Amino acid sequence: MTCFIEITIPDNADVFAKFLLHISAIFTICANIVCVSMSTIVSVWGSGKALRGKDGSMDEAVDDMNDERELIFRAFDFGLAGNLFTVACASFILMDFFTAVVATTMIGCTAYFILRNVKRIRSKFHLDECVHLKDLTAGGYKYHNNNPNDHLSF
C-alpha cells in the first residue's frame, strides 16, 4: 500500500511497467483485504455460532470454519505473491537495469525461501484425512490414527 501511495514514478517510465505496477498493487491490496476480512468474519461468526448456537452447533461451526480455510489461505497466497511482484515492478521502474536484476533476483530468492518453508511447515500440520466433529458424534465412525495397531472405535 505504501509503495502505491508514496512512490514517485519518473516521467520517462515505460507505460507497460507502470501498468504492471499499478495493477499488481491494486491486486495485492484486494487480496489482502479479502484475506483479513474473511479471517475476521469466519473467526467472529464461527465462534459466535459455536458458543451461542443450538445443540450441535459447535461441531457444525468448527467444521464450517475448517471448510473456509482454503479461501483464506489462497487470498493470503495471492496477496503475498502480488506484494513480491509489485516490488519487482517498482525495481525496474526506479532502478537502473543491473540493480533491478539484482533486486529481482533477491525477490525471487525470497519467494523460493517462502515456498520451501511453507511446504516444510505444512507437512508438519497438514491432515491427509480430516475427522469432522459431526462424524465423531454421529456414531458408528471408526477412526484410525497413524499407528495401524492402535484403533479407536465409536
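**Helices, rings and a pocket**

Q: In which helix do Phe16 and Phe19 both lie?
A: The model is predicted, so local features need pLDDT of at least 70 and side-chain atom pairs 80 or more, while totals for chains, interfaces and linings use all residues. Residues are numbered from 1 along each chain as its sequence is written, and side-chain values use heavy atoms, without hydrogens and water. Helices here are DSSP runs (H or I, at least four residues), numbered from the N terminus. Phe16 and Phe19 are three residues apart, about one turn of the helix, and both lie in helix 2.

Q: Which kind of aromatic pair do Phe16 and Phe19 form?
A: Rings of Phe, Tyr and Trp (its six-membered ring) pair if their centres lie within 6.5 Å; planes under 30 degrees apart count as stacked, over 60 as edge-to-face and the rest as tilted. By this rule there are three aromatic pairs. For Phe16 and Phe19 the centres are 6.1 Å apart and the planes 25° apart, and the pair is stacked.

Q: How are helix 2 and helix 4 directed relative to each other?
A: Axes are lines fitted to C-alpha atoms over the stretch in contact, and angles run from 0 to 180 degrees between N-to-C directions. Helix 2 (residues 15-52) and helix 4 (residues 69-94) pack at about 155°, with axes 8 Å apart. Angles under 35 degrees count as roughly parallel, over 145 as roughly antiparallel, 65 to 115 as roughly perpendicular and the rest as oblique. Helix 2 and helix 4 are therefore roughly antiparallel.

Q: What is the angle at which the axes of helix 2 and helix 3 cross?
A: Helix 3 covers residues 57-67, and its axis comes within 7 Å of that of helix 2. The two axes cross at roughly 160°.

Q: Which helix gives the largest share of the lining of the largest pocket?
A: A pocket is an open set of points on a 1 Å grid over the protein atoms alone, where a 1.4 Å probe fits, with protein on both sides within 12 Å along at least five of seven lines; lining residues have an atom within 4 Å of a point. Of the 21 lining residues, the closest to the centre are Phe73, Arg74, Asp77, Val118 and Arg122. Helix 4 and helix 5 (97-125) each supply at least two lining residues. The largest share, nine residues, comes from helix 4.
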